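Subject: Structure handover

Hello,

Here is the structure for you to look through. My notes on what was found in it follow below.

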Amino acid sequence: MPTLNLKPGIVTGNALCELLDFCKAEQCALPAVNVIGSHTANAAIEAARQAKAPIIIQFSQGGAQFNAGKFLDNSKQAASIAGSVAGAHHVRAIAEAYGVPVVLHTDHCARKLLPWIDGVLDAGEAYYRTTGVPLYSSHMLDLSEDPLHENLETCAKYLERMANIEMTLEIELGVTGGEEDGVDQSDLDSSKLYTQPADVLAAYDKLSPIGSFTVAASFGNTHGVYAPGNVKLTPLILKNSQEHIRIKRETEEKPVHFVFHGGSGSTPAEIREAVSYGVVKMNIDTDTQWAFLAPIKKYMDEKDAYLKSQLGNPEGADKPNKKHIDPRAWLHAGEKGIVARLVKAFDDLGALGKFGG
Ligand SMILES: [Zn+2]
């Protein structure tokens, strides 16, 4: 059993490798939450504090752009880079204040978005030179639409750069269905939605000599929440891939750390099965978006008569509505919604009580 020496703040380097090994050995996984600014990030950190477990916080390219403000020009990824850097500093400071270990990550980066990760890595290398730790724990490259060898060639090049500053790389093999961050894969041929064990072996052979990596494999998982029945979730693909590598390369059990994209809407039984095959990270975005919105909508509905104007409500024509209008009132309701949903995610992922809580 690997031992853990986790400190509050951003988990990087060997500490991250040990954390991923621990999750695999203990058959639990961590929720990876897409945040878009300080409110969602703070809520994710509070959820981890309540669950007494580390959490993975990630910015997508669009989420990072939003964090910088959608007013800023993003033609050369300037806004996404600035938003990623600012978000990293915010998360680091607040995680330390809350006493929570956080794995800080960036989500899908397609080939055309590589200038975004190039810019964040430039900032990460500069941060490493002055502090001895990288700005981010890990980045994801999603080149799953490219031919396999091109995907892996580029990933190997980036992993070499990232390993120098003690970072982990997440790659994608096979395409996650559905729609997220403006990328719509919902019309894709369903054969592309399933990763082949031989592809995972090729990734293992290419990347394991270079550094630490995780694999987002496709086993029928989709971004977004849909009525059941469109795509069949087949976690056995993960098990078969692990076995394929173990036999071909005579490795230990479960040589690969898997990532489960599109966890929203999955049943606890499906999640448990995937985790038992080596999933250590599950992305949950759509469910947390809903968990943020639902209490805010309830607030707006219940307080409707107090939100028509700054003055005047059912208690009197000259009564002020300032305290109901204050964004802190309704934004915090949304934050609490995220916290509750994520504590449930920790439970579904078998992470409650596994980290000394
Ligand atoms: Zn994803």
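Glu166 counts as partly exposed because it has 19 C-beta neighbours inside 10 Å; a residue is buried if 20 or more other C-beta atoms lie within 10 Å of its own, exposed if 12 or fewer, and partly exposed in between, with C-beta atoms placed from the backbone. Glu166 is in the loop between helix 6 and strand 6 (168–173). Its phi is positive, about 60°, although Glu166 is not a glycine.

Two points on conventions. The model is predicted, so local features need pLDDT of at least 70 and side-chain atom pairs count only at pLDDT 80 or more, while totals for chains, interfaces and linings use all residues. Residues are numbered from 1 along each chain as its sequence is written. Helices (H or I, at least four residues) and strands (E, at least two) are DSSP runs, numbered from the N terminus.

Lys52 also has a positive phi, near 50°, and is a residue other than glycine. Lys52 sits in the loop between helix 2 (38–51) and strand 3 (55–59). With 15 C-beta neighbours inside 10 Å, Lys52 is partly exposed.

Next, two buried residues. Leu143 is in the loop between strand 5 (138–141) and helix 6 (148–163). It is buried, with 21 other C-beta atoms within 10 Å. Leaving out residues up to four places away in sequence, Leu143 touches Arg111, Glu150, Asn151, Thr154 and Cys155; contact here means that the C-beta atoms of two residues, placed from the backbone, lie within 7 Å. Leu143 and Glu172 are 29 residues apart along the chain, and their C-alpha atoms are separated by 6.6 Å.

Asp287 belongs to helix 10 (residues 286–302). It is buried, with 20 other C-beta atoms within 10 Å. Apart from residues up to four places away in sequence, Asp287 touches Ser264, Gly265 and Arg341.

Now the helix pairs. Helix 6 packs against helix 7 (residues 197–207) at an angle of about 30°, with the axes 10 Å apart. Axes are lines fitted to C-alpha atoms, for helices over the stretch in contact, and angles run from 0 to 180 degrees between N-to-C directions. Helix 6 is therefore roughly parallel to helix 7; angles under 35 degrees count as roughly parallel, over 145 as roughly antiparallel, 65 to 115 as roughly perpendicular and the rest as oblique. The contact involves Leu148, Leu152, Cys155, Ala156 and Leu159 of helix 6, and Asp199, Ala202, Ala203, Lys206 and Leu207 of helix 7.

Helix 4 (residues 78–98) and helix 5 (residues 114–131) pack at about 40°, with their axes 9 Å apart. These two helices are therefore oblique to each other. On the helix 4 side the contact is made by Ser80, Ile81, Ser84 and Val85, and on the helix 5 side by Trp116, Gly119, Val120 and Ala123.

Last, the core. The largest nonpolar core has 91 residues, and those with the most contacts inside it are Leu30, Ala44, Ile55, Val102 and Val279. A nonpolar core is a set of buried Ala, Val, Leu, Ile, Met, Phe, Trp, Tyr and Cys residues joined through C-beta atoms within 7 Å. Setting aside neighbours within four places in sequence, Ile55 is in contact with residues including Leu30, Ala44 and Val102.

Regards
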